[in-house]
Amino acid sequence: MVSSAGACRAQCVEFSDRASQLELDTFVKSPSSLLERLRNDKEKLRYRLATLIATNPSLLPSVQTLISASASSDRSAIGAALRIAEGRCTTTKPDAARKIRDFAQRIGDLNVQSGYAAAGEDNSGVQAQSQIKGPPQPPRGGALLDGEWKTKLANPFKPVPLPN
């Protein structure tokens, strides 16, 4: 009874978006059961795991077990799930979001970290960049070529302009 009351306070999402207690208990007892159930469907794995983590962020030790038991192809989906769960918790439970972010940064697996970073670029990176910088900047690849038609090689030793 005490553990369910603690889980209620830790949840980042509305009641209709939460995972069931049975699903949470099953994940804690056997994290790899999620991989078996959602075999070969990375999208479902990503969003189901994000829902579990956002429902109860204290499941992160079980996520570590899941990462150890998963194939490398599933690990990027797990990283994306961590980023999605962090995004869901940011406004309602910033401490839980910070806990998820710290957990994702401590993971030594490159596949998990790349999935985490890619999910951030898809969701918040593009929006935040457009809000902060205003109009999009020209591509930097053109800086290597000069001239009217960009056919003359630029001076590679020319100082780079610093942003304001």
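What span should the 18 residues of H6 have at 1.5 Å a residue? They should span 26 Å, and the end C-alpha atoms of H6 are 26 Å apart, which agrees. The expected span is 1.5 Å times one less than the number of residues in the helix.

## Basis of the report

This is a predicted model, in which local features need pLDDT of at least 70 and side-chain atom pairs count only at pLDDT 80 or more, while totals for chains, interfaces and linings use all residues. Residues are numbered from 1 along each chain as its sequence is written, and side-chain values use heavy atoms, with hydrogens and water left out.

## The chain

The chain has 8 helices and 2 strands; these are DSSP runs (helices H or I, at least four residues; strands E, at least two), numbered from the N terminus. Along the sequence the pattern is α-α-α-α-α-α-α-α-β-β.

Of the 164 residues, 34% are buried (under 20% relative accessible area, with a 1.4 Å probe and protein chains only). Among the buried residues of H6 are Asp74, Arg75, Ile78, Leu82 and Cys89.

## Helices H5 and H6

Two packed helices are described by the angle between their axes and the distance between the axes. For H5 (residues 60-69) and H6 (residues 72-89), the angle is about 160° and the axes are 10 Å apart. Axes are lines fitted to C-alpha atoms, for helices over the stretch in contact, and angles run from 0 to 180 degrees between N-to-C directions. H5 and H6 are therefore roughly antiparallel (an angle over 145 degrees).

Leu60, Val63, Leu66, Ile67 and Ser68 of H5 contact Arg75, Ile78 and Leu82 of H6 (heavy atoms within 4.5 Å).

Key: Parallel < 35°, antiparallel > 145°, perpendicular 65-115°, else oblique. Buried < 20%, exposed > 50% of the residue type's maximum accessible area, 1.4 Å probe, protein only.
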